[in-house]
Amino acid sequence: MDPPEYLKDLNPFLYEQQKAKVEANFHEAVILAEQALAEELAKLVNHLVEKLTLSEDGKPKKFKDASVENLKEFFDKFEKLNLHSNKQLEQVVAKAREVMKDATAGGLRKDIHVRDVISSAL
């Protein structure tokens with residue numbers, strides 16, 4: 001966003017100072033958003049892994065499609081925010097999205113390979 005030229009001409013020093021302040025605030029907001037997204041992704045994946053892990057008696061835990069859908073909704077939200085400033089986070093989300101693209105709760109429970117991939121992602 002560029003301000004009108006007359007604002008730049010009023011006090012160039014003040015303009016540059018305020019511009020730097022806005023850029024710093026924006027950069028900090030992006031970093032905070034990325035941290036929140038990374039934490040949310042970790043929480044969703046940890047929950048998924050927890051549900052895919054057998055209980056102490058060797059029986060499957062209750063696992064609903066909502067766990068899978070929540071992760072897929074996260075992928076959509078991540079894409080819509082379009083931050084593109086953390087390549088590592090983008091790669092992790094892309095890999096997770098690819099693994100989960102056709103996933104269902106029942107399918108994940110049966111697919112040992114997908115469970116292994118999800119577990120190794122942690």
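The legends below describe close-up views of a predicted model. Local features need pLDDT of at least 70 and side-chain atom pairs count only at pLDDT 80 or more, while totals for chains, interfaces and linings use all residues. Residues are numbered from 1 along each chain as its sequence is written, and side-chain values use heavy atoms, with hydrogens and water left out.

**View 1. Glu50 and Lys61 form a salt bridge.** A salt bridge is a side-chain nitrogen of Lys or Arg within 4 Å of a carboxyl oxygen of Asp or Glu. Side chains of opposite charge can pair when their charged atoms come close. Here the closest N and O atoms are 2.5 Å apart. Glu50 belongs to helix α2 (residues 12–52) and Lys61 to the loop between α2 and α3 (65–81), so the pair ties together parts that are 11 residues apart in sequence. Helices (H or I, at least four residues) and strands (E, at least two) are DSSP runs, numbered from the N terminus. Glu50 has 41% relative accessibility and counts as partly exposed. Buried means under 20% relative accessible area, exposed over 50%, and partly exposed in between (1.4 Å probe, protein chains only). The whole structure contains six salt bridges.

**View 2. Asp76, Glu79 and Arg97 are linked in a network of salt bridges.** Between Asp76 and Arg97, the closest N and O atoms are 2.6 Å apart. This pair links distant parts of the chain, with Asp76 in helix α3 and Arg97 in helix α4 (residues 87–100), 21 residues apart. Both residues are partly exposed: Asp76 has a relative accessible area of 38%, and Arg97 has 27%.

**View 3. Lys87 and Glu90 form a salt bridge within helix α4.** Lys87 is exposed, at 52% relative accessible area.

**View 4. Tyr6, Leu7 and Leu10 form a nonpolar surface patch.** Patches are made of residues with over 30% relative accessible area and no salt bridge; like charges are joined within 9 Å, and nonpolar side chains (Val, Leu, Ile, Met, Phe, Trp, Tyr) within 5 Å. Together the three residues have about 350 Å² of accessible area, computed by the Shrake-Rupley method with a 1.4 Å probe; for residues, only the protein chains shown count as cover. Leu7 is in helix α1 (residues 5–10) and is partly exposed, at 37% relative accessibility.

**View 5. Ser67 is a buried residue in helix α3.** Its relative accessible area is 12%. Ser67 touches His47 and Leu48 (contact means heavy atoms within 4.5 Å), leaving aside residues up to four places away in sequence.
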